[in-house]
Amino acid sequence: MATSFEPSRDTWPDALLSVQAGGRPMTIRTPRRTPCPAPSRPPGLGPRTWAEVPSRSRQVLVVTGHDRNAPVSAAVLYEYTGAGWRAGASRAAHNALHGWTDDHREGDLRSPIGVYTLTDAGGRLPDPGTRLSYDRSARFTASGTGFEGEHLSGSFGYVIAIDYNRRPGTSPLDRTRPLGPDRGGGIWLHIDHGGPTRGCVSLAEGAMKGLLRALDPGREPVVVMGDAASLER
């Protein structure tokens with residue numbers, strides 16, 4: 001009598017199965033179970049963007065704008081492990097009032113798109129335990145109100161300099177502009193004041209404190225920032 005056999009996936013061995021079907025041997029080749037490959041780069045970053053990230057960077061803060069012309073974004077710190085890139089929590093953020101640009105200019109109220117190293121920090125508040133160089137100074141002051149009438153006081157309690165048009169290895173307060181003053185500068189990560197910035201990226205105070213503690217100069221951290229469509233290039 002002819003018999004039939006339909007193996008369960010739970011009983012498939014890694015080799016071949018030989019069964020009798022209709023009195024003749026039949027070989028069933030089982031699918032190989034291969035682990036999913038580790039991601040080669042954080043999600044949302046296209047090949048052109050990823051090519052700008054230094055090969056030795058093991059910490060990548062990705063700031064993704066909701067829209068080219070919008071001041072709201074999300075920030076995620078990715079860290080490289082033996083299993084690939086591990087994502088931290090997604091944090092709400094603000095960027096410049098008019099969104100993002102590939103050609104930032106002083107006063108354009110847009111944040112520069114690109115990949116920038118993170119080497120130096122500071123602020124009005126005491127060092128929260130960062131491994132970055134930290135300059136505590138009363139000169140980290142913000143006053144007045146923002147674009148939505150929110151108070152700016154306290155925005156510079158914690159600051160991480162984004163190495164756009166600045167000299168790495170100096171205080172965020174250093175005003176050296178290697179590309180010239182017309183290209184803007186003073187682009188920082190700082191404490192969120194509840195509204196758009198002039199060019200910086202802002203995060204809640206707790207998120208800034210956590211980021212300062214997490215960043216490790218030995219892992220050569222960078223920020224990758226821009227609107228989603230630009231980062232996918």
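What is the relative accessibility of D182, and what does it count as?

Author: A word on the model comes before the residue. This is a predicted model, in which local features need pLDDT of at least 70 and side-chain atom pairs count only at pLDDT 80 or more, while totals for chains, interfaces and linings use all residues. Residues are numbered from 1 along each chain as its sequence is written, and side-chain values use heavy atoms, with hydrogens and water left out.

D182 has a relative accessibility of 44% and counts as partly exposed. That class lies between buried, under 20% relative accessible area, and exposed, over 50%, using a 1.4 Å probe and protein chains only. D182 sits in the loop between β11 and β12. Strands here are DSSP runs of E of at least two residues, helices are runs of H or I of at least four, and both are numbered from the N terminus. Leaving aside neighbours within four places in sequence, D182 is in contact with R105 and E106. Contact means heavy atoms within 4.5 Å. G107 is 75 residues away from D182 along the chain, yet their C-alpha atoms are 8.8 Å apart.

N165 is buried, at 5% relative accessible area. Its phi is positive, near 50°, and it is not a glycine. L109 belongs to the loop between β6 (100–101) and β7 (111–112). Its phi is near 60°, again positive in a residue other than glycine. L109 counts as buried, at 14% relative accessibility.

Now step out to the sheet. It is open, has 10 strands and mixed pairing, and runs in the order β8-β14-β3-β4-β5-β13-β12-β11-β9-β10. Its edge strands, β8 (114–117) and β10 (133–136), each pair on one side only. From one strand to the next, the twist averages 30°. Axes are lines fitted to C-alpha atoms, for helices over the stretch in contact, and angles run from 0 to 180 degrees between N-to-C directions. Two strands pair if DSSP finds at least two bridges between them. Strands of a sheet pair through backbone hydrogen bonds, in a parallel or antiparallel sense.

Strand β3 shows both senses. β3 and β4 run antiparallel, joined by 7 bridges. They form a hairpin with 6 residues between them. V62 stands opposite V76 in β4. β3 also pairs with strand β14 (residues 222–227), in the parallel sense over 6 bridges. There V60 faces V222. Of the 7 residues of β3 (residues 59–65), 6 are buried, so the strand is largely enclosed by the rest of the structure. The next pair is β4 (residues 72–81) and β5 (residues 84–94), antiparallel with 9 bridges. Y80 has W85 in β5 as its bridge partner.

Towards the other end of the order, look at A121 in strand β9 (residues 120–123). A121 counts as buried, at 1% relative accessibility. Not counting residues up to four places away, A121 touches several residues, including V159, I160, P172 and L212.

Last come the pockets. A pocket is an open set of points on a 1 Å grid over the protein atoms alone, where a 1.4 Å probe fits, with protein on both sides within 12 Å along at least five of seven lines; lining residues have an atom within 4 Å of a point. The largest pocket holds about 760 Å³. It is lined by 33 residues, with F156, G185, G186, R198 and C200 nearest its centre. By class, they are 13 nonpolar, 13 polar and 7 charged. Nonpolar covers Ala, Val, Leu, Ile, Met, Phe, Trp, Tyr, Cys and Pro; charged covers Asp, Glu, Lys and Arg; the others, Gly among them, are polar. Volume is the space filled by probe spheres set on grid points, which are joined across faces, edges and corners.

The second largest pocket has a volume of about 230 Å³. Its lining has 16 residues, and L77, G88, A89, R91 and L211 lie nearest its centre. β4, β5 and α2 (205–214) each give two or more residues to that lining.
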